[in-house]
Amino acid sequence: MPLIQSWRWYGPNDPVSLQDVKQAGATGVVSALHHIPHGAVWPVEEIQERKNIIEAAGLQWVVVESMPVHEAIKTRSADCEKYLENYRQTLRNLAACGISTVCYNFMPVLDWTRTNLAYEVWSGAKALYFNWADLAAFDLFILKREGAENDYAPEVIAEAKQRFNAASEEELKQLHDIILMGVPTEESVTVEHLLQSIDIYKNIGFEGLRRNLAYFLESIMDVCEETGIRMTIHPDDPPFPILGLPRIASSKEDLLYIINTVDHPANGICFCTGSLGAGPHNNPVDIIKAVGHRVYFAHLRNVLKDKQGNFYESDHLAGDVDMYGVMKELIAFNQQREQPIPFRPDHGHQMLDDLHKVTNPGYSAIGRLRGLAELRGLEMGIEKSITKDDGHE
Ligand code: DNO
């Protein structure tokens, strides 16, 4: 049984059409109702409508990514119970439409963070990039977070100063927008909002955020059990604290802690090789060996780090992540499953014709098409060599 080769589709407004998805060779679609504000219940009719669109194209909606967890739940503030009830209801509604895998994250305020969305690699293609000095420039001189200077090495601060002083107004605005940008079509946060949130999370801290995640999971496990829904937490991206915010899904230890604290089969993981691979402390092959029994969804992409810990998103099979090693483990876990594990090529370079188009950062068609082609070839090669059905001993 092969993995389900999938593709993230942002919905009818995505510049990449479902026909493109089919031509890329995917059969599964990963989608979400991004137009519904965070925390509101997703109505059955709207879920069904999205499902019908996907199925009318001959594809299958295999994962909801993401069903955002409202900040009130992450911070366990006054409205937490109301939003938990909404989340539970959305899970029931999704199940009523036959959807059984949900991806979410528990990163405070911001989803994934990069400092440059158009970093040119040697071929002229553009990649997403994270640079510490740029982050520090934002943190120290745009956000002006109290105590930020204690979080960076002196060399990084010196470089950040230099970059800030040399940058034009427009470049600074771009850096500001990129860091605060959320998922396309969902709202971005403002500097004021971010500063307030940083204060709130300062009081919650690492342990508090872990407790809040456990509380969230405990509050929905009965619905998961009743409906057959499996939750998959997306690792922190990047997998280390930034801007003074705590991070609790950044390493093997974190992921093991999460699945063991709420020890239920529905408490699963979205195994994102690129997010985990950006951490010098992480070896994705080692991590999947430890948590693979709870992996129900995978994001496959690669990263290349430098000595300072800056990284860019490299070609899917070339980078710090041993993609062959990860794929081998993923296939082995998949062989023990009744339901195949979906994976998607996570991000791709903006390349070829897409360089002349407006695309969602990381989600242009051609780079992902290339990624999927390489990954499915890798999968087939490994599958065939394991099952020895190629006629050779
Ligand atoms: C970025 C994505 C993330 C992911 C969420 C899941 O490209 O991998 O935005 O969808 O973190 O909740």
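**Salt bridges in this model**

Hi everyone, let's start with aspartate 263 and arginine 294, whose side chains meet in a salt bridge at 2.6 Å, N to O. This pair links distant parts of the chain, 31 residues apart. Aspartate 263 sits in the loop between helix 9 (252–261) and strand 8 (267–272), and arginine 294 in the loop between helix 11 (284–291) and strand 9 (295–300). Helices (H or I, at least four residues) and strands (E, at least two) are DSSP runs, numbered from the N terminus.

A salt bridge here is a side-chain nitrogen of Lys or Arg within 4 Å of a carboxyl oxygen of Asp or Glu. Please keep in mind that this is a predicted model, where local features need pLDDT of at least 70, side-chain atom pairs count only at pLDDT 80 or more, and totals for chains, interfaces and linings use all residues. Residues are numbered from 1 along each chain as its sequence is written, and side-chain values use heavy atoms, leaving out hydrogens and water.

Is aspartate 263 buried or exposed? Aspartate 263 is exposed, at 58% relative accessible area, while arginine 294 is buried at 8%. Buried means under 20% relative accessible area, exposed over 50%, and partly exposed in between (1.4 Å probe, protein chains only).

Now to helix 7 (residues 169–180), where lysine 173 and aspartate 177 lie four residues apart, about one turn of the helix. Their closest N and O atoms are 2.7 Å apart. Lysine 173 is exposed at 52%, and aspartate 177 is partly exposed at 32%.

Finally, how many salt bridges are there? The count comes to 27. Thanks, everyone!
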